[in-house]
Amino acid sequence: MFSLETYLNCDLKPSQVIHSFWLFEHKDELVQKYPPSDGKWMQFYRKSQLDATWDLAKLKYRAGQLEGISSMKVSTACESPRSSNSADGVILFYCGPSNDEQRIMYIGEKLLKEMPYKSLTGSMSYKSDKQTLDGTQATGQIEKHLYKLPCTRL
């Protein structure tokens, strides 16, 4: 049996984890420093890129270089019924409050400078936790994001 601590602030690779949907990165001082997080910026990657990108995100987060990001998580090799694509994974960068568009967009712009991102759609999306609770595209939810920022197209 695995506990949350197994998957929190660890050096496991997303591709190696099959008993948890997520790996987590969390620092109490950052959670306390920033306003409550009730949403996240989402960056989707091919699973073949996810280990290296997660390592970079952890390095920058631990060094305090991801301004406004209170915590992060990454999907793993554990298959999820909420996923619409088994070839891709996602890194979620938590920040808030989700109703402060100016703040969220500023954090997103800073995030794109630290974590350059290429997307099929040419944008990076922010989703509130409420939207996540309502479901995903794979579970039939139509409203997929609250905010978007342009980024490099794949």
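Two strands are said to pair if DSSP finds at least two bridges between them, and helices (H or I, at least four residues) and strands (E, at least two) are DSSP runs that are numbered from the N terminus. The model shown is predicted, so that local features need pLDDT of at least 70 and side-chain atom pairs count only at pLDDT 80 or more, while totals for chains, interfaces and linings use all residues. Residues are numbered from 1 along each chain as its sequence is written, and side-chain values use heavy atoms, with hydrogens and water left out.

**View 1**
Strand 2 (residues 39-46) and strand 6 (residues 123-128) are paired in the antiparallel sense over 4 bridges, and Lys-40 has Lys-127 of strand 6 as its bridge partner. In general, the strands of a sheet pair through backbone hydrogen bonds, either parallel or antiparallel. The open sheet has 6 strands in the order 1-3-4-2-6-7, with antiparallel pairing. Its edges are strand 1 (22-26) and strand 7 (147-150), each of which pairs on one side only. From one strand to the next, the twist averages 20°, where axes are lines fitted to C-alpha atoms, for helices over the stretch in contact, and angles run from 0 to 180 degrees between N-to-C directions.

**View 1. Helices 2 and 3 on the sheet.**
Helix 2 (residues 47-62) packs on the sheet, where it touches strand 1, strand 2, strand 3 (71-75) and strand 4 (88-95), and its direction makes about 170° with that of strand 3; contact here means heavy atoms within 4.5 Å. Helix 3 (residues 101-114) also packs on the sheet, touching strand 2, strand 4, strand 6 and strand 7, and its direction makes about 35° with that of strand 7.

The 16 residues of helix 2 reach 23 Å from the first C-alpha to the last, close to the 22 Å expected at 1.5 Å a residue, the expected span being 1.5 Å times one less than the number of residues. A kink of about 25° is centred on Thr-53, the bend at a residue being the angle between axes fitted to the seven residues ending there and the seven starting there. The buried residues of helix 2 include Leu-50, Thr-53, Trp-54 and Ala-57, where buried means under 20% relative accessible area, exposed over 50%, and partly exposed in between (1.4 Å probe, protein chains only). The buried residues of this helix pack against strand 1, helix 1 (28-33), strand 2, strand 3, strand 4 and helix 3. Gly-64, which follows helix 2, has a positive phi near 75°.

**View 2. Phe-93 and the largest nonpolar core.**
The largest nonpolar core has 31 residues, and those with the most contacts inside it are Trp-41, Leu-66, Ile-69, Met-72 and Phe-93; such a core is a set of buried Ala, Val, Leu, Ile, Met, Phe, Trp, Tyr and Cys residues joined through side-chain atoms within 4.5 Å. At least two residues of this core come from each of strand 2, helix 2, strand 3, strand 4, helix 3, strand 6 and strand 7, and helix 3 gives the most, with 5 residues. Not counting residues up to four places away in sequence, Phe-93 touches a set of residues that includes Trp-41, Ala-57, Leu-66, Ile-69, Met-72 and Leu-111.

**View 3. The loop between strand 4 and helix 3.**
This loop holds Pro-97 and Ser-98. The peptide bond from Gly-96 to Pro-97 is cis, with omega near -5°, whereas most peptide bonds are trans. Ser-98 counts as buried because its relative accessibility is 10%. Among the residues that Ser-98 touches, not counting those up to four places away in sequence, are Asp-38, Ile-104, Tyr-126 and Tyr-147.

**View 4. Pro-150 in strand 7.**
Pro-150 has its place in strand 7 and counts as exposed because its relative accessibility is 65%. Leaving aside neighbours within four places in sequence, Pro-150 is in contact with Leu-112, Gly-122 and Ser-123.

Strand 1 pairs with strand 3 in the antiparallel sense over 5 bridges, and Leu-23 has Val-74 of strand 3 as its bridge partner. Leu-23 and Glu-25 form the covered face of strand 1, while Trp-22, Phe-24 and His-26 form the uncovered one.
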